[in-house]
Amino acid sequence: MAEIGAENRRTLAQIRAERFDNEGHSTASSEEQEQVERSVLTQYDIYDKRAEVDEECPVLLRQKHISFLKKSLTHLPGGFQCLDSSRPWLVYWNVHALALLEESLMSEDYSSLAGFLAKCQSPNGGFGGGPGQMPHLACTYAAVNALCTIGTKEAFNVINREKLQQFFWSVRQPDGSFIMHQNGEVDVRGAYCALSVAKLTNIYTPSLFEGTAEWIVRCQSYEGGFSACPGMEAHGGYSFCGLATLFMLGKDHLCDINAFTRWIVNRQMRLEGGFQGRTNKLVDACYSFWQGGAFLFLHNILFRENKTVVSADKWLFNQEALQEYVLMCCQLASGGLIDKPGKPRDAYHTCYALSGLSIAQHTSLVKKCVLGSKSNLLAPIHPMYNITVDSAVKSMKYFENLAVPQIS
(Lines give C-alpha, C1' and ligand atoms only; values in the text may rest on other atoms or scores of the structure.)
Protein backbone atom coordinates (compact mmCIF):
# COMPACT_ATOMS: atom_id res chain seq x y z
CA MET A 1 0.00 0.00 0.00
CA ALA A 2 1.27 3.45 -0.90
CA GLU A 3 0.77 5.45 2.28
CA ILE A 4 0.41 9.22 2.19
CA GLY A 5 1.64 10.64 5.50
CA ALA A 6 1.28 14.02 7.14
CA GLU A 7 4.46 15.25 5.49
CA ASN A 8 2.82 14.87 2.07
CA ARG A 9 -0.24 16.95 2.88
CA ARG A 10 -0.50 20.50 1.67
CA THR A 11 0.94 22.88 4.23
CA LEU A 12 -1.31 25.47 5.82
CA ALA A 13 0.69 28.17 4.03
CA GLN A 14 0.08 26.46 0.67
CA ILE A 15 -3.65 26.25 1.38
CA ARG A 16 -3.89 29.88 2.48
CA ALA A 17 -2.11 30.96 -0.68
CA GLU A 18 -5.13 29.73 -2.67
CA ARG A 19 -7.60 32.15 -1.09
CA PHE A 20 -10.18 33.59 -3.44
CA ASP A 21 -9.40 37.01 -4.94
CA ASN A 22 -12.48 39.04 -5.84
CA GLU A 23 -10.25 41.49 -7.74
CA GLY A 24 -11.86 44.41 -5.95
CA HIS A 25 -15.43 43.54 -6.99
CA SER A 26 -17.44 42.07 -4.13
CA THR A 27 -20.64 40.20 -5.03
CA ALA A 28 -23.07 38.00 -3.13
CA SER A 29 -21.42 34.88 -4.53
CA SER A 30 -17.88 36.11 -3.83
CA GLU A 31 -18.85 36.86 -0.23
CA GLU A 32 -20.28 33.35 0.17
CA GLN A 33 -17.08 31.87 -1.25
CA GLU A 34 -14.93 33.90 1.14
CA GLN A 35 -17.12 32.84 4.08
CA VAL A 36 -16.76 29.16 3.18
CA GLU A 37 -13.00 29.54 2.81
CA ARG A 38 -12.78 31.09 6.28
CA SER A 39 -14.67 28.17 7.81
CA VAL A 40 -12.54 25.65 5.91
CA LEU A 41 -9.31 27.37 6.93
CA THR A 42 -10.42 27.19 10.56
CA GLN A 43 -10.74 23.41 10.21
CA TYR A 44 -7.37 23.09 8.48
CA ASP A 45 -5.76 25.19 11.21
CA ILE A 46 -7.16 22.84 13.87
CA TYR A 47 -5.82 19.77 12.09
CA ASP A 48 -2.48 21.43 11.46
CA LYS A 49 -2.05 21.80 15.23
CA ARG A 50 -3.22 18.24 15.85
CA ALA A 51 -0.74 16.90 13.33
CA GLU A 52 2.10 18.31 15.44
CA VAL A 53 1.33 15.72 18.14
CA ASP A 54 -0.46 13.00 16.17
CA GLU A 55 1.30 11.71 13.06
CA GLU A 56 -1.76 9.65 12.06
CA CYS A 57 -3.99 12.73 11.85
CA PRO A 58 -6.54 12.93 10.25
CA VAL A 59 -8.45 9.84 11.37
CA LEU A 60 -11.72 8.61 9.91
CA LEU A 61 -14.25 8.44 12.76
CA ARG A 62 -15.37 5.02 11.60
CA GLN A 63 -17.30 3.86 14.67
CA LYS A 64 -19.05 7.21 15.06
CA HIS A 65 -20.21 7.09 11.45
CA ILE A 66 -21.33 3.48 11.81
CA SER A 67 -23.44 4.36 14.85
CA PHE A 68 -25.01 7.31 13.04
CA LEU A 69 -25.85 5.21 9.97
CA LYS A 70 -27.34 2.33 11.93
CA LYS A 71 -29.54 4.72 13.87
CA SER A 72 -30.60 6.42 10.63
CA LEU A 73 -31.91 3.09 9.33
CA THR A 74 -34.48 2.87 12.10
CA HIS A 75 -35.18 6.41 13.27
CA LEU A 76 -35.05 9.87 11.71
CA PRO A 77 -36.07 13.24 13.17
CA GLY A 78 -39.38 14.73 12.10
CA GLY A 79 -37.64 17.12 9.74
CA PHE A 80 -36.95 14.22 7.39
CA GLN A 81 -40.64 13.59 6.67
CA CYS A 82 -40.11 15.39 3.34
CA LEU A 83 -38.19 12.26 2.26
CA ASP A 84 -41.23 9.98 2.62
CA SER A 85 -41.17 9.51 -1.16
CA SER A 86 -37.45 8.68 -1.09
CA ARG A 87 -37.39 5.79 1.34
CA PRO A 88 -35.44 3.37 -0.94
CA TRP A 89 -32.80 6.11 -1.12
CA LEU A 90 -32.60 6.21 2.66
CA VAL A 91 -31.99 2.47 2.71
CA TYR A 92 -29.39 2.67 -0.06
CA TRP A 93 -27.45 5.60 1.40
CA ASN A 94 -27.18 3.87 4.74
CA VAL A 95 -26.40 0.29 3.68
CA HIS A 96 -23.91 1.43 1.04
CA ALA A 97 -22.10 3.73 3.44
CA LEU A 98 -21.93 0.88 5.97
CA ALA A 99 -20.51 -1.40 3.27
CA LEU A 100 -17.84 1.19 2.47
CA LEU A 101 -16.97 1.18 6.17
CA GLU A 102 -16.89 -2.65 5.98
CA GLU A 103 -19.60 -2.95 8.60
CA SER A 104 -22.27 -5.65 8.32
CA LEU A 105 -25.77 -5.79 9.78
CA MET A 106 -27.41 -8.81 11.34
CA SER A 107 -29.01 -11.24 8.87
CA GLU A 108 -32.47 -10.46 10.27
CA ASP A 109 -31.85 -6.75 9.64
CA TYR A 110 -30.98 -7.42 6.02
CA SER A 111 -34.08 -9.60 5.69
CA SER A 112 -36.24 -6.83 7.14
CA LEU A 113 -34.79 -4.26 4.72
CA ALA A 114 -35.31 -6.58 1.75
CA GLY A 115 -38.90 -7.13 2.86
CA PHE A 116 -39.51 -3.40 3.09
CA LEU A 117 -38.07 -2.79 -0.38
CA ALA A 118 -40.29 -5.57 -1.73
CA LYS A 119 -43.29 -3.52 -0.54
CA CYS A 120 -41.96 -0.57 -2.57
CA GLN A 121 -42.01 -2.62 -5.79
CA SER A 122 -44.89 -1.81 -8.10
CA PRO A 123 -47.05 -4.61 -9.57
CA ASN A 124 -46.25 -2.99 -12.92
CA GLY A 125 -42.48 -3.17 -12.33
CA GLY A 126 -39.94 -0.82 -10.85
CA PHE A 127 -39.85 0.65 -7.37
CA GLY A 128 -41.59 3.66 -5.90
CA GLY A 129 -40.53 6.01 -3.12
CA GLY A 130 -42.44 3.94 -0.57
CA PRO A 131 -45.12 1.23 -0.35
CA GLY A 132 -47.98 1.98 -2.74
CA GLN A 133 -46.19 4.84 -4.51
CA MET A 134 -45.77 5.03 -8.27
CA PRO A 135 -42.61 3.47 -9.75
CA HIS A 136 -39.81 5.96 -10.41
CA LEU A 137 -36.46 5.42 -12.11
CA ALA A 138 -34.43 7.08 -9.37
CA CYS A 139 -36.13 5.07 -6.62
CA THR A 140 -35.70 1.93 -8.71
CA TYR A 141 -31.96 2.59 -8.98
CA ALA A 142 -31.73 3.15 -5.21
CA ALA A 143 -33.78 0.04 -4.37
CA VAL A 144 -31.81 -2.25 -6.69
CA ASN A 145 -28.48 -0.90 -5.45
CA ALA A 146 -29.62 -1.44 -1.87
CA LEU A 147 -30.76 -5.00 -2.59
CA CYS A 148 -27.48 -5.78 -4.37
CA THR A 149 -25.54 -4.33 -1.43
CA ILE A 150 -27.51 -6.56 0.94
CA GLY A 151 -26.48 -9.33 -1.43
CA THR A 152 -28.56 -12.25 -0.12
CA LYS A 153 -30.60 -14.59 -2.31
CA GLU A 154 -33.71 -13.23 -0.60
CA ALA A 155 -32.72 -9.70 -1.60
CA PHE A 156 -31.88 -10.64 -5.20
CA ASN A 157 -35.19 -12.49 -5.55
CA VAL A 158 -37.16 -9.40 -4.57
CA ILE A 159 -36.43 -7.94 -8.01
CA ASN A 160 -39.05 -8.92 -10.59
CA ARG A 161 -36.78 -8.65 -13.62
CA GLU A 162 -39.47 -9.17 -16.26
CA LYS A 163 -41.74 -6.51 -14.81
CA LEU A 164 -38.70 -4.27 -14.30
CA GLN A 165 -37.86 -4.42 -17.98
CA GLN A 166 -41.51 -3.70 -18.82
CA PHE A 167 -41.34 -0.61 -16.64
CA PHE A 168 -38.22 0.58 -18.46
CA TRP A 169 -39.99 0.19 -21.80
CA SER A 170 -42.95 2.17 -20.47
CA VAL A 171 -40.79 5.21 -19.62
CA ARG A 172 -38.53 5.01 -22.66
CA GLN A 173 -39.11 7.79 -25.20
CA PRO A 174 -38.88 7.43 -29.01
CA ASP A 175 -35.63 9.46 -29.11
CA GLY A 176 -33.89 7.11 -26.63
CA SER A 177 -34.32 9.33 -23.58
CA PHE A 178 -36.21 8.25 -20.44
CA ILE A 179 -38.83 9.99 -18.34
CA MET A 180 -38.38 9.46 -14.60
CA HIS A 181 -41.94 8.17 -14.15
CA GLN A 182 -45.22 8.14 -16.05
CA ASN A 183 -45.94 11.70 -17.23
CA GLY A 184 -42.69 12.78 -15.58
CA GLU A 185 -39.69 14.85 -16.61
CA VAL A 186 -36.98 13.79 -19.05
CA ASP A 187 -33.38 14.14 -17.94
CA VAL A 188 -30.00 12.41 -18.00
CA ARG A 189 -30.63 10.71 -14.65
CA GLY A 190 -33.34 8.59 -16.25
CA ALA A 191 -31.02 7.11 -18.85
CA TYR A 192 -28.29 6.42 -16.30
CA CYS A 193 -30.60 4.88 -13.70
CA ALA A 194 -32.25 2.63 -16.27
CA LEU A 195 -28.97 1.52 -17.85
CA SER A 196 -27.17 0.98 -14.54
CA VAL A 197 -29.98 -1.23 -13.24
CA ALA A 198 -30.35 -3.04 -16.56
CA LYS A 199 -26.65 -3.88 -16.67
CA LEU A 200 -26.48 -4.90 -13.01
CA THR A 201 -29.53 -7.19 -13.15
CA ASN A 202 -28.88 -8.57 -16.65
CA ILE A 203 -32.02 -7.24 -18.32
CA TYR A 204 -30.12 -5.04 -20.79
CA THR A 205 -30.99 -5.26 -24.47
CA PRO A 206 -29.56 -2.99 -27.21
CA SER A 207 -33.04 -2.12 -28.48
CA LEU A 208 -34.06 -0.74 -25.08
CA PHE A 209 -31.28 1.86 -25.30
CA GLU A 210 -31.34 2.55 -29.03
CA GLY A 211 -30.71 6.26 -29.57
CA THR A 212 -29.89 6.88 -25.90
CA ALA A 213 -26.23 7.74 -26.48
CA GLU A 214 -27.11 10.19 -29.23
CA TRP A 215 -29.63 11.91 -26.94
CA ILE A 216 -27.06 12.08 -24.12
CA VAL A 217 -24.54 13.79 -26.41
CA ARG A 218 -27.07 16.54 -27.06
CA CYS A 219 -26.93 17.28 -23.31
CA GLN A 220 -23.24 18.23 -23.40
CA SER A 221 -23.11 21.97 -22.83
CA TYR A 222 -20.80 24.60 -24.28
CA GLU A 223 -18.74 24.32 -21.07
CA GLY A 224 -18.01 20.64 -21.65
CA GLY A 225 -20.01 19.05 -18.83
CA PHE A 226 -23.44 17.48 -19.20
CA SER A 227 -26.74 19.08 -18.28
CA ALA A 228 -30.07 17.57 -17.29
CA CYS A 229 -31.38 17.93 -20.83
CA PRO A 230 -30.28 19.74 -24.00
CA GLY A 231 -29.64 23.45 -23.57
CA MET A 232 -29.28 23.52 -19.77
CA GLU A 233 -26.33 24.23 -17.45
CA ALA A 234 -23.54 21.67 -16.94
CA HIS A 235 -23.80 20.01 -13.51
CA GLY A 236 -21.70 17.47 -11.60
CA GLY A 237 -24.44 14.93 -10.98
CA TYR A 238 -25.74 15.04 -14.53
CA SER A 239 -22.20 14.97 -15.89
CA PHE A 240 -21.47 11.77 -13.99
CA CYS A 241 -24.70 10.25 -15.29
CA GLY A 242 -24.01 11.36 -18.85
CA LEU A 243 -20.44 10.13 -19.09
CA ALA A 244 -21.20 6.90 -17.19
CA THR A 245 -24.06 6.13 -19.59
CA LEU A 246 -21.94 6.74 -22.67
CA PHE A 247 -19.13 4.65 -21.19
CA MET A 248 -21.42 1.72 -20.39
CA LEU A 249 -22.89 1.87 -23.90
CA GLY A 250 -19.42 1.94 -25.44
CA LYS A 251 -20.19 5.26 -27.15
CA ASP A 252 -18.13 7.78 -25.20
CA HIS A 253 -16.35 8.61 -28.46
CA LEU A 254 -19.48 10.50 -29.53
CA CYS A 255 -18.97 13.30 -26.99
CA ASP A 256 -16.29 15.98 -26.88
CA ILE A 257 -14.01 14.35 -24.31
CA ASN A 258 -11.45 17.18 -24.43
CA ALA A 259 -14.12 19.73 -23.51
CA PHE A 260 -15.37 17.46 -20.74
CA THR A 261 -11.82 17.08 -19.39
CA ARG A 262 -11.29 20.85 -19.37
CA TRP A 263 -14.59 21.38 -17.54
CA ILE A 264 -14.21 18.74 -14.83
CA VAL A 265 -10.57 19.39 -13.91
CA ASN A 266 -11.62 22.94 -13.08
CA ARG A 267 -14.29 21.79 -10.61
CA GLN A 268 -11.86 20.90 -7.81
CA MET A 269 -11.61 23.88 -5.48
CA ARG A 270 -8.08 25.21 -5.08
CA LEU A 271 -8.26 26.04 -1.38
CA GLU A 272 -10.90 23.62 -0.08
CA GLY A 273 -9.72 20.54 -1.99
CA GLY A 274 -13.28 19.29 -2.52
CA PHE A 275 -15.40 19.68 -5.64
CA GLN A 276 -18.05 22.17 -6.66
CA GLY A 277 -21.01 20.98 -8.74
CA ARG A 278 -21.19 23.86 -11.19
CA THR A 279 -19.10 26.83 -12.31
CA ASN A 280 -18.97 29.63 -9.71
CA LYS A 281 -20.68 27.51 -7.02
CA LEU A 282 -19.56 26.47 -3.54
CA VAL A 283 -17.77 23.28 -2.55
CA ASP A 284 -20.03 20.38 -1.50
CA ALA A 285 -18.90 17.00 -0.16
CA CYS A 286 -21.46 15.06 -2.23
CA TYR A 287 -19.53 16.01 -5.38
CA SER A 288 -16.63 14.00 -4.00
CA PHE A 289 -18.44 11.17 -5.76
CA TRP A 290 -20.38 12.88 -8.55
CA GLN A 291 -17.28 14.67 -9.85
CA GLY A 292 -14.67 12.28 -8.46
CA GLY A 293 -16.42 9.23 -9.88
CA ALA A 294 -16.47 10.69 -13.39
CA PHE A 295 -12.67 10.78 -13.36
CA LEU A 296 -12.56 6.98 -13.34
CA PHE A 297 -14.40 6.84 -16.67
CA LEU A 298 -12.40 9.77 -18.01
CA HIS A 299 -9.13 8.09 -17.03
CA ASN A 300 -10.08 4.90 -18.86
CA ILE A 301 -11.19 6.80 -21.96
CA LEU A 302 -8.02 8.89 -22.17
CA PHE A 303 -5.80 5.89 -21.39
CA ARG A 304 -7.48 3.94 -24.20
CA GLU A 305 -7.04 6.79 -26.68
CA ASN A 306 -3.48 7.77 -25.74
CA LYS A 307 -1.66 5.93 -22.98
CA THR A 308 0.87 8.74 -22.53
CA VAL A 309 -1.79 11.31 -21.57
CA VAL A 310 -2.59 9.87 -18.14
CA SER A 311 -0.61 8.16 -15.40
CA ALA A 312 -1.28 4.49 -14.73
CA ASP A 313 -1.41 5.08 -10.97
CA LYS A 314 -2.84 8.59 -10.51
CA TRP A 315 -6.24 10.14 -11.21
CA LEU A 316 -6.50 13.53 -12.91
CA PHE A 317 -7.42 15.30 -9.67
CA ASN A 318 -5.60 15.95 -6.41
CA GLN A 319 -6.51 12.82 -4.45
CA GLU A 320 -4.81 13.98 -1.26
CA ALA A 321 -6.60 17.36 -1.27
CA LEU A 322 -10.00 15.68 -1.66
CA GLN A 323 -9.23 13.42 1.30
CA GLU A 324 -8.16 16.47 3.31
CA TYR A 325 -11.51 18.13 2.67
CA VAL A 326 -13.62 15.06 3.52
CA LEU A 327 -11.65 14.03 6.61
CA MET A 328 -10.83 17.45 8.06
CA CYS A 329 -13.82 19.58 7.08
CA CYS A 330 -16.78 17.23 6.72
CA GLN A 331 -16.71 14.84 9.68
CA LEU A 332 -18.83 15.54 12.73
CA ALA A 333 -17.44 14.36 16.04
CA SER A 334 -20.82 12.79 16.81
CA GLY A 335 -20.82 10.85 13.54
CA GLY A 336 -22.01 11.49 10.01
CA LEU A 337 -20.56 13.65 7.25
CA ILE A 338 -21.69 17.04 6.01
CA ASP A 339 -21.79 19.21 2.91
CA LYS A 340 -19.37 21.81 4.32
CA PRO A 341 -18.45 23.22 7.75
CA GLY A 342 -21.51 24.52 9.56
CA LYS A 343 -24.03 22.30 7.74
CA PRO A 344 -26.08 19.51 9.37
CA ARG A 345 -25.30 15.83 8.86
CA ASP A 346 -27.42 13.47 6.78
CA ALA A 347 -27.17 10.03 5.21
CA TYR A 348 -26.95 11.47 1.68
CA HIS A 349 -23.77 13.46 2.30
CA THR A 350 -22.35 10.67 4.45
CA CYS A 351 -22.83 8.20 1.61
CA TYR A 352 -21.42 10.32 -1.20
CA ALA A 353 -18.58 11.83 0.80
CA LEU A 354 -17.43 8.30 1.72
CA SER A 355 -17.86 7.14 -1.89
CA GLY A 356 -15.63 9.99 -3.04
CA LEU A 357 -13.14 9.23 -0.29
CA SER A 358 -12.96 5.62 -1.50
CA ILE A 359 -12.29 6.79 -5.06
CA ALA A 360 -9.49 9.08 -3.88
CA GLN A 361 -7.92 6.20 -1.93
CA HIS A 362 -8.13 3.48 -4.59
CA THR A 363 -6.15 4.54 -7.63
CA SER A 364 -6.42 0.88 -8.59
CA LEU A 365 -7.36 -2.32 -6.79
CA VAL A 366 -3.65 -2.75 -6.06
CA LYS A 367 -2.21 0.73 -5.43
CA LYS A 368 -3.64 2.77 -2.56
CA CYS A 369 -3.38 6.45 -1.69
CA VAL A 370 -4.45 6.84 1.95
CA LEU A 371 -4.18 10.14 3.79
CA GLY A 372 -3.59 9.91 7.53
CA SER A 373 -4.19 6.75 9.52
CA LYS A 374 -4.03 3.35 7.82
CA SER A 375 -7.42 2.68 9.40
CA ASN A 376 -8.93 5.31 7.10
CA LEU A 377 -8.95 2.90 4.14
CA LEU A 378 -12.46 2.18 2.83
CA ALA A 379 -13.73 -0.64 0.63
CA PRO A 380 -13.34 0.10 -3.11
CA ILE A 381 -16.46 0.99 -5.10
CA HIS A 382 -17.53 0.02 -8.59
CA PRO A 383 -17.92 3.42 -10.29
CA MET A 384 -20.66 2.36 -12.71
CA TYR A 385 -23.10 1.56 -9.92
CA ASN A 386 -21.67 3.17 -6.76
CA ILE A 387 -21.85 -0.02 -4.78
CA THR A 388 -18.76 -1.80 -3.49
CA VAL A 389 -16.76 -3.88 -5.93
CA ASP A 390 -17.56 -7.02 -3.92
CA SER A 391 -21.30 -6.29 -4.05
CA ALA A 392 -21.20 -5.57 -7.79
CA VAL A 393 -19.26 -8.73 -8.64
CA LYS A 394 -21.53 -10.90 -6.49
CA SER A 395 -24.67 -9.39 -8.01
CA MET A 396 -23.52 -9.69 -11.61
CA LYS A 397 -22.49 -13.31 -11.07
CA TYR A 398 -25.94 -14.08 -9.67
CA PHE A 399 -27.94 -12.38 -12.42
CA GLU A 400 -25.78 -13.51 -15.34
CA ASN A 401 -27.08 -17.03 -14.77
CA LEU A 402 -30.64 -15.82 -15.42
CA ALA A 403 -32.02 -15.36 -18.93
CA VAL A 404 -32.41 -11.83 -20.27
CA PRO A 405 -36.14 -11.03 -20.60
CA GLN A 406 -37.15 -10.40 -24.21
CA ILE A 407 -39.88 -7.79 -23.93
CA SER A 408 -40.53 -4.89 -26.26
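Hi everyone, let me start with a helix: helix 4 gives the most to the lining of the largest pocket, supplying 4 residues. Please keep in mind that we are looking at a predicted model.

So what is this pocket like? Rolling a probe the size of a water molecule over the atoms shows where empty space is left. Here, the largest pocket holds about 670 Å³ of space. It is lined by 30 residues, and the closest to its centre are L83, W89, W93, Y348 and Y352.

As for the kinds of residue, the lining divides into 20 nonpolar, 6 polar and 4 charged.

Now let's go to the second largest pocket, where about 440 Å³ of space lies. Its lining has 20 residues, with F20, Q33, M269, Q276 and K281 the closest to the centre. Helix 2, residues 28-51, makes the largest contribution to this lining, at 5 residues. And how do the lining residues divide between nonpolar, polar and charged? For this second largest pocket, 5 are nonpolar, 8 are polar and 7 are charged.

Next, a pair of helices. Two packed helices are described by the angle between their axes and the distance between the axes. Take helix 11, residues 236-249, and helix 12, residues 257-265: they pack at about 150°, and their axes are 12 Å apart. Their crossing is left-handed. On the helix 11 side, the contact is made by G236, S239 and L243, and on the helix 12 side by I257, F260 and W263. Of these contact residues, 4 are nonpolar, 2 are polar and none is charged.

My last topic is charge. Side chains of opposite charge can pair when their charged atoms come close. In this model the count comes to 13 salt bridges. One to look up is between the side chains of E103 and K70, with 2.8 Å from N to O. This pair links distant parts of the chain, 33 residues apart: K70 sits in helix 3, while E103 is in the loop between helix 4 and helix 5 (107-119).

Technical notes. Residues are numbered from 1 along each chain as its sequence is written. This is a predicted model: local features need pLDDT of at least 70, side-chain atom pairs count only at pLDDT 80 or more; totals for chains, interfaces and linings use all residues. Side-chain values use heavy atoms; hydrogens and water are left out. Axes are lines fitted to C-alpha atoms, for helices over the stretch in contact, and angles run from 0 to 180 degrees between N-to-C directions. Helices (H or I, at least four residues) and strands (E, at least two) are DSSP runs, numbered from the N terminus. A crossing is left-handed if the near helix is turned anticlockwise from the far one by less than a right angle, and right-handed if clockwise. Contact means heavy atoms within 4.5 Å. Ala, Val, Leu, Ile, Met, Phe, Trp, Tyr, Cys and Pro count as nonpolar, Asp, Glu, Lys and Arg as charged, and the others, Gly among them, as polar. On a 1 Å grid over the protein atoms alone, a cavity is a set of points where a 1.4 Å probe fits but cannot get out, and a pocket is an open set with protein on both sides within 12 Å along at least five of seven lines; lining residues have an atom within 4 Å of a point. Grid points are joined across faces, edges and corners, and a volume is the space filled by probe spheres set on the points. A salt bridge is a side-chain nitrogen of Lys or Arg within 4 Å of a carboxyl oxygen of Asp or Glu.
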